[in-house]
Number of protein chains: 4
Amino acid sequence: MKKVSILGATGYVGTELVRLLHNHPNVEITQLSSHSYSEKLYSEVYPHTYEVIDLKCIEDNPNLIDADILFIALPHGFASKIVTPELLEKTKVIDAGADFRISYEAYKEWYKVEHFGQQLLDEAAYGLVEWNKEKIRNARLVANPGCYVTCSLLSLIPLIKEGLVDENTIIIDGKSGVTGAGRALALGTHYTECNEGMKAYGVASHRHTPEIEEGVKLFANQGVTLTFTPHLVPMNRGILTTIYANLNDGVTEQNIRDAYEKYYRDEPFVRIKKDGEIAQTQWVKGSNYCDISFVLDKRTNRLVVVSAIDNMMKGASGQAIHNMNIMMGFEETAGINFLPIFPV
Amino acid sequence: MKKVSILGATGYVGTELVRLLHNHPNVEITQLSSHSYSEKLYSEVYPHTYEVIDLKCIEDNPNLIDADILFIALPHGFASKIVTPELLEKTKVIDAGADFRISYEAYKEWYKVEHFGQQLLDEAAYGLVEWNKEKIRNARLVANPGCYVTCSLLSLIPLIKEGLVDENTIIIDGKSGVTGAGRALALGTHYTECNEGMKAYGVASHRHTPEIEEGVKLFANQGVTLTFTPHLVPMNRGILTTIYANLNDGVTEQNIRDAYEKYYRDEPFVRIKKDGEIAQTQWVKGSNYCDISFVLDKRTNRLVVVSAIDNMMKGASGQAIHNMNIMMGFEETAGINFLPIFPV
Amino acid sequence: MKKVSILGATGYVGTELVRLLHNHPNVEITQLSSHSYSEKLYSEVYPHTYEVIDLKCIEDNPNLIDADILFIALPHGFASKIVTPELLEKTKVIDAGADFRISYEAYKEWYKVEHFGQQLLDEAAYGLVEWNKEKIRNARLVANPGCYVTCSLLSLIPLIKEGLVDENTIIIDGKSGVTGAGRALALGTHYTECNEGMKAYGVASHRHTPEIEEGVKLFANQGVTLTFTPHLVPMNRGILTTIYANLNDGVTEQNIRDAYEKYYRDEPFVRIKKDGEIAQTQWVKGSNYCDISFVLDKRTNRLVVVSAIDNMMKGASGQAIHNMNIMMGFEETAGINFLPIFPV
Amino acid sequence: MKKVSILGATGYVGTELVRLLHNHPNVEITQLSSHSYSEKLYSEVYPHTYEVIDLKCIEDNPNLIDADILFIALPHGFASKIVTPELLEKTKVIDAGADFRISYEAYKEWYKVEHFGQQLLDEAAYGLVEWNKEKIRNARLVANPGCYVTCSLLSLIPLIKEGLVDENTIIIDGKSGVTGAGRALALGTHYTECNEGMKAYGVASHRHTPEIEEGVKLFANQGVTLTFTPHLVPMNRGILTTIYANLNDGVTEQNIRDAYEKYYRDEPFVRIKKDGEIAQTQWVKGSNYCDISFVLDKRTNRLVVVSAIDNMMKGASGQAIHNMNIMMGFEETAGINFLPIFPV
């Protein structure tokens, strides 16, 4: 059993990691850290773990880490300080945050803070598993992708790589459940303020935008500038992305399907919906699946791709464990091989 | 007091009309019809009206109508048979359904049924109040717009009429609460099937598409072919539309704001949000307002317009009463002049 | 038009007062106060009031009040300082908080703070309108009842006053929507923490307990000691109380119905459900109604009373305005005479 | 690997069985039956199982069953016909329905239909695992308890068996998520009719009442007649029961705690909450746990017990698999040993 430590274990990504890793056949959780709840029993912070998780939270201090694998689930800006060449010599790191996902320049521009780990940015493998397995397998540091980004890139890369859509026309309309906003209190996520309502946020300014653009560049070898609009949906979990792009000349429905099948046929966690069936977040909740569906709008010659993930699983902790499995040589689907739960 | 009859009073649009008309200063509800609940007390069909509405449902039979004003809230295909020149001689009609909203050709193509009232299509005034007051004032028959259509047209017409956006690039991503699907039972609107989940539906095929296109043609004098994708959101009420369009050369934020102000400055039910504030369905629920907001995505030269209505009010029954007020010469805002209810 | 001032206008009770008073035929809102948002436009604190409410928040300072009627919607402990004999000479006061609801001794025991307005406690009329109209009519100061209390007392008083149930066996199981917890941020009302979950709180210790007991004593002239357990339900509005009590010997269903009819037959806002129909919060939401229903459990000789109100209306702001109408000699139902909104 | 067949696999209990059994280490699902969807791919009925469950539904015909273990998840009245001595000779049966839970007399009185398997009623083991392991271990037929019943009996039996409460004063106020009502369409579970609302149902007449009473008699050896009131809560999963009973003389908090510890200390799926912590459905969702908490209301000498389960897991399919594990000699917690999922 490999030892696992989680920095930032009391956020939602952290507690989802705890849940999944607790039942994982190859690892054992040995450390849970939390700045806010240091010295407190984890099961008092999260009563659903009562009588199961018997650890006290320790400080968010990288010097305390004693583990084969370290997950970091902290707000941006922390990991770039915590992850050092020294740390990487003693432990493999999977950063669930944003610090190692995008280029130094984009990070400074969109996150508006200094990056303290520039020398490690090149080394970090971008953890979009289906597209980067080889690099992840050999990585000491993996940057786990953003939630909207995962759903968007899995949908977009095959289309662009195969030259099926006009890369200047891409619009991503994203919808997310409220867990995406985390556990920190805010008026916008106070129950009575967001229940029974819907809103857009971060219009033309959301930080997942450059991450999607750089991911397309990296994996489809094509620069793009796209519009991305996230929305908050009154539900706990789930991301739905509705992606619009103009079709290139002569592209057929079969071309689209072939492109998806080409890249995802053997992937355990991507399901291409049959013709006429549209992805829904309900059908992936509690699982690590990404469901992808599409319709050609023949009147306008546009493609509409609708894709769904569970933002806490495929969009965060599930994908992080998928990355761990690849890095450590475990069975690829170990610990995350669940059917979706329905209804939940 | 004018006498009002409602055909199809036991659907959600019908019962919202009952609620609003009951308190309206100029009218009195004298007939409520329902095929399914004929002879049953209305308050047994809708217990919230207990001890207030003391009418028995009558059959959906146009011959029984004895009213100055008739609201029709029936599925499409009924009104085109019910509304005849003879009927219009004795009563003013506001049809909340689709039969008189679009052209004969579009109706046959998108609704796939015969239209039996072709001779009245020209006479019918399209009830998008802010854009058609003169015709509505003199009409005997008004076609109340669709819910998504109302929100979309109010957002789009000023932009196109003023030549601010490229009409070939319009994409409407719509999100609706579940009341939009009505009271008829279906698996997709069974509580546990749609709660905590999100989906797209009617992708590239929703019937509000031609209605939006014809509305733009009618009021902005510009043909368009656009993509419209509706989504179901786990909440009772509210529509949010996120509209994307490429800006024409040189168009500024101020140009957009001026266009909206030009047409809506004096409109009682359209509110243009201040710079930096984005419309949310929570802020209009229970009211007849349409809130419109926008952001220029300068990286892509696209405009993103986010607008919100209460689909049962401005998107259906509220707008129907607004139409009645205009037709009958009542005060324009009578009976629908509420502040939104928050939180509700 | 009488002038109205609201102290604490930016809480949920405050904003519901704003909504209702804005459309009230006899009053005009002239002052809105808020400690947290002083000097800020009210419509920036509550965007649903945009372009309608054009007031800046002033400080929560009683010296600034210039009004015929003052509503206080502050946390407990404030009103007992603010309301003085001098204040009552220039304005009528309706306190939506707890300070003037219960006896000095009970207040100290259950609220655990000093009461600074003891000399006014006797003068304050308890604002359970159906049971105290005469005193309210002549009052300068009215204590608006608690939400659970309103629903519980309206259900209990007729039964106890008529000697139908054993007063030693009363158990009240209350369920409330989340608006009851107010707008202050807390982990328990963070969307993702309370959505899709249910819990009890304040078990055997909720402060509405002594208020219910004193209300029974006041209006049914009978001391009681009862068990009250509130629960939080994942919805915005609504209170449902399920009340259990052993029937006294020989009491029949008709006796129960007669008791309710005796006291509520002519009350505009209490509806006794027909035999076989059970009250639901859906059927009262958005209105000032209290729906009361009951079933005799013959196997156990217990009575089960199920009652529903909208906690923001009948349970708070609606009842406060009902009190104002009585105090000021306005029409009793003015400004709160709505049908429930369904579905909302 | 033992072969498992599910009769009635397309209801919610059925599909939860499919999810859990699919990952169970000791069994393989070989047959899924459904009258309504016979010959249809299971993954078309439940798209969350797409690309995972590759079985066609067969008819609900007991003659087709070829399995070591049969789960029956049909409405009441079917199992009593299907389960015969001949069937039990070839397969072990776990009936998730009501047919073998209660006595012949109670069944006829409360379910109002004939029972066709009277000769097997004595043989059937009542599957409340914590209280009946020995009989379940040797059973050919297990009756899986009702959802409310499970939560109620686990809470009540220790108290009554140890003589701590007055058995004539028991009141159970139950609250359930909407999955408890199943997948069959009905107005009361139409999204917009039950969302944002709360109601009681089956007041003084719910069929789980005699099952609770008989369970207390069976395991605590004490006849009781109690009041049970179920309520519908707008959420998918979860049951909370709030149980009231008068304390017997001299009973202390420690006595209550000792009673629970005595019977549940070594039980893997019952957690007694620490003093001051109250059970919430959020903390058990997705798991097989029953959390039990209690408060003494010293003013009234009443005990309030608040307990929570996931109705689809511990209240149905999870408990059914727990029963299977015991019957088959598998590891007791195999396939159901999950941490709760939070937030979900």
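Q: How many cavities of 30 Å³ or more does the rule count?
A: Grid points are joined across faces, edges and corners, and a volume is the space filled by probe spheres set on the points. In this predicted model, the count comes to nine cavities of 30 Å³ or more. The model is predicted, with local features needing pLDDT of at least 70 and side-chain atom pairs pLDDT 80 or more, while totals for chains, interfaces and linings use all residues; side-chain values use heavy atoms, with hydrogens and water left out. Residues are numbered from 1 along each chain as its sequence is written, with chains lettered from A and ligands numbered from 1 in the order in which they are written.

Q: Which residues line the largest cavity?
A: Lining residues have an atom within 4 Å of a point. The largest cavity, with a volume of about 130 Å³, is lined by residues of chains A and D, including Arg19(A), Phe338(A), Arg19(D) and Phe338(D). For classes, Ala, Val, Leu, Ile, Met, Phe, Trp, Tyr, Cys and Pro count as nonpolar, Asp, Glu, Lys and Arg as charged, and the others, Gly among them, as polar. The lining of the largest cavity comprises seven nonpolar, three polar and two charged residues.

Q: Which residues lie nearest the centre of the second largest cavity?
A: The second largest cavity holds about 70 Å³ of space. Of its 16 lining residues, Asn195(A), Asn195(B), Asn195(C), Tyr191(D) and Asn195(D) lie nearest the centre.

Q: How many residues does each chain give to the contact between chain A and chain B?
A: Contact means heavy atoms within 4.5 Å. Chain A contributes 50 residues and chain B 50 residues. Buried area is the accessible area (1.4 Å probe) that two parts lose on being put together, summed over both. Between chain A and chain B about 4000 Å² is buried, and carbon and sulfur atoms give 56% of that area. On the side of chain A, Glu196(A), Met198(A) and Arg299(A) lose the most area to chain B, together 18% of what that side buries.

Q: How many salt bridges are counted between chain A and chain B?
A: A salt bridge requires a side-chain nitrogen of Lys or Arg within 4 Å of a carboxyl oxygen of Asp or Glu. There are four salt bridges between chain A and chain B. In one salt bridge, the side chains of Glu213(A) and Arg299(B) meet at 2.4 Å, N to O.

Technical notes: 1 Å grid on protein atoms, 1.4 Å probe; cavity = no way out; pocket = protein on both sides within 12 Å on 5 of 7 lines; lining within 4 Å.
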